[in-house]
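Take a look at the aromatic rings in this structure. How do they pair up, and what sits over their faces?

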Amino acid sequence: MSEEQPINPEGQDESLHDSIPVTGMYKDWFLDYASYVILERAVPAIEDGLKPVQRRILHAMKEMDDGRFNKVANIIGQSMQYHPHGDASIGDAIVNMGQKELLIETQGNWGDVRTGDGAAAARYIEARLSKFALEVVFNPQTTEWQLSYDGRKREPVTLPVKFPLLLAQGVEGIAVGLSTKILPHNFCELIEGSIQLLKGKRPHILPDFATGGLADFSEYNEGQRGGKVKVRARIEEADNKTLLIKDIPYGTTTNSLIESIIKANDKGKIKIKKVVDNTAKDVEIQIQLAAGQSPDMTIDALYAFTDCEVSISPNACVIIEDKPVFLSVNDILSYNTEQTKALLNRELEIRKGELMEKLLFSSLEKIFIENRIYRDIEECETWEAVIETIDRGLIPFKPQFYREITTDDIIRLTEIKIKRISKFDTFKADELMRRLQEELEQVNHDLNHLTEYAIGYYKRLLEKFGKGRERKTEIRTFDSIEANVVAANNAKLYVNKSDGFIGYGLKKDEFVCDCSDLDDIIVFRKDGKCVVSRIQDKVFVGKDIIHVAVYRKGDERMVYNLAYVDGKSGRTMVKRFQVLSVTRDREYDLTKGSKGSKVHYFTANPNGEAEIVTVYLTQGAKARIKVFDFDFSTIEIKGRGAGGNILTKYPVKKIQLKMEGVSTLGGLDIHYDGSIGRLNTDGRGTLIGNFLGDDRIVVFYKNGDYELTNFELTNRYEPDSILRLEKFDPQKVVSAIYFDGGSKAYMVKRFLIETSSLNKKFNFISDHRASKLVFVSTDKQPQIKALIKKGKEKEEKEYDLDMLIDVKGWRAIGNKLSTHEILKIIPLAAKEEENKDEELDVGSTVDFKIKKENDDDEDQMNLF
């Protein structure tokens, strides 16, 4: 029978008065939970760069290690003795570490980070610790231990890692209230960075991704919060109709990348026919372009609208003394380097102690045997007497030892077997002690020169494990891509001029042009107003539209010619103006703002043309000459707010075009920025020249191709493959020297470029795969200096190429430059240089090292 509860006088249950206040409980619980997730799940410790699950896996694998592979299922079971969170999290962590190919050697199907394919089941795949992990990660003597979660086992608090493992592997984790994202860095560069730190220098380390690709680290900010890294796929142009993706951005897979490309195509941002995934050993995604699509524009559009370009925001957060701390990657590297130095010091101290103990016992053993102390104990009847007799025999030798002789030392002497005493060799004992003494001296030297020892340690790591770990991600500076410029035309613009509507839904009205759904549209009206609006299905912009077009912000070439009658004075005004920037959906008045003003004449000129018009005055005008011509080139180009110049004070009947004009702006100064391989009009890079409409650029490639291109700013060039880029002059003779892979000789040829096809490459050297172009010039009298080997002697010889060979066809093979072996070719300044400001002159030697003849040519040499 249950015990009765006491009843208070009011008849209420007294247990209700023992209630516990909940104030603050949820706060405490939340903080406890947040701290647990941060410290035990999501954020790595700075000491070894590992999360708890990773550390426990490595410890379990070390316990199992016998040099052979173990089933991952067995490793998971062993790890569960230390990690209380189930097999799924352990299995995922093992696969993640195995795919990084640093600490774990794998066997079986471990998936592919490039394609996103998962690993096989744990029972089918095997793993073991790598040689690198065994050398760098473990040392029981320098490890701090703690009890496992159930108190049955010992596990490391942190592993004594002598390497910046956290930066090499990278890490990502989401905790409660904070997250961490440290990008992986290059193995070799981290070691070199640690060596620089030990030498007192500050290194500059940048991430490196297993997927390769291109990356812009200009805003990396040393991996701290607020930084940003742009990563791009490596896209090559197979031909005018096919693009090949060779590397993918970090954090994407071939499947996700293809999905993003298909989605962009479905939305009309790009226009392609087909995407084929040919990935096997190497990544290859083939993109077949739709008819009429520019490869260069499509590459830009892929970067703008698909996962071919991704932005990554690093956020370096680590655990230091049980607290999350935000650091830069340089600070983490410095901490790890100093920790490695401290661990090496501890290992040396431990080794020193071991050597001193070995020396001490070897000396004791030699004294014990050579002085026949063992015979003195034959008559001892008690154990205490034995100890005392041996101790007394050692008294004359005790001053030579570095510490006092203990009872334990004497007991070890009594354990020496008779067989060892009878076969004791004094020479061997002395040799052993000499080796121990030499090693002890080396250890003391290393302790006294710890920094040099640590540098040597890192160099040994680099030599032993650095092969095959070269940088995979190419460091680049990216150009900014304007989405509305590179977007494919996926819409059609229509206009209803009388009612004042524009949009892509007015299919029964007047067609204007093809455009994209990202474009802005500029509209000019009869009342002298202009407005810019984002394209929509249907939008009202005002009645009596006289001109509508796609608006390009900052287009300095677009010039508008306008004649309008001022409503207040009745005068007809003329003006030329540009619309470089506007506020969307805001009306701008192009007249003086008087009521009743209206436009008589308007033209939009994409290259700043200025036409001649005929002005007809009304019959009632008092002017003696009622018909006259006006040339718009006689007035200056001003801003849209300018009132303009007076054309006539008399009333105008009409204005008609008499003669099409020519551009008054002159040519465009085109520069080439070799760091990103793009043209620009902003003055970045080297000036190629001043270009008019039909002018061309000629590009000479290291593989012996030449190509003619226009000067569109959307053109893309690969700086690493270009030998020379300049404004094309069909009258200039090309002088070239190339190495013929078939004959192993250097050939010289001179020719005129006779082809006219744009964006098509023509090879003008031999087609052997080892052939390469080493020098090209369009100077009238090009000169080179060759280092020639004649027998055992070397000599330098100068050549005037224009005197060496006649001008022939571009398909000609050419003549041998020399019958002797040529070691190096160095370009010399031409005797006569023409149009120096219009060409990008670069030189190359046979081994592709630039010989700079003038320090002022630094920008020109950047093409290499």
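The count of aromatic pairs in this predicted model comes to 27. A pair of aromatic rings is described by the distance of the centres and the angle of the planes.

Start with Phe 524 and Phe 602. Their ring centres lie 4.6 Å apart, and their planes meet at 40 degrees. Now place the two residues in the chain. Phe 524 belongs to strand S21, which covers residues 520-525. Phe 602 belongs to strand S28, residues 598-605. The pair therefore ties together parts that are 78 residues apart in sequence. Both residues fall under the 20% cut-off for buried. Phe 524 has a relative accessible area of 1%, and Phe 602 has 16%.

Next, turn to Tyr 706 and Trp 810. This aromatic pair is edge-to-face, with 6.0 Å from centre to centre and 85 degrees between the planes. Distant parts of the chain are linked here, 104 residues apart. Tyr 706 sits in strand S38 (residues 705-709). Trp 810 sits in the loop between strand S46 (807-808) and strand S47 (815-816). Tyr 706 is buried, at 0% relative accessible area. Trp 810 is buried too, at 8%.

These two rings belong to a cluster. Ring pairs link Tyr 706 and Trp 810 with Phe 700, Phe 751, Phe 762 and Phe 764.

Finally, look for charges over rings. Arg 154 lies over the face of Trp 145, 4.2 Å from the ring centre. Arg 469 lies over the face of Phe 187, at 5.0 Å from the ring centre.

Note on methods. Residues are numbered from 1 along each chain as its sequence is written. This is a predicted model: local features need pLDDT of at least 70, side-chain atom pairs count only at pLDDT 80 or more; totals for chains, interfaces and linings use all residues. Side-chain values use heavy atoms; hydrogens and water are left out. Rings of Phe, Tyr and Trp (its six-membered ring) pair if their centres lie within 6.5 Å; planes under 30 degrees apart count as stacked, over 60 as edge-to-face and the rest as tilted. Helices (H or I, at least four residues) and strands (E, at least two) are DSSP runs, numbered from the N terminus. Buried means under 20% relative accessible area, exposed over 50%, partly exposed in between (1.4 Å probe, protein chains only). A charge sits over a ring if NZ of Lys or CZ of Arg is within 6 Å of the ring centre and within 35 degrees of the ring normal.
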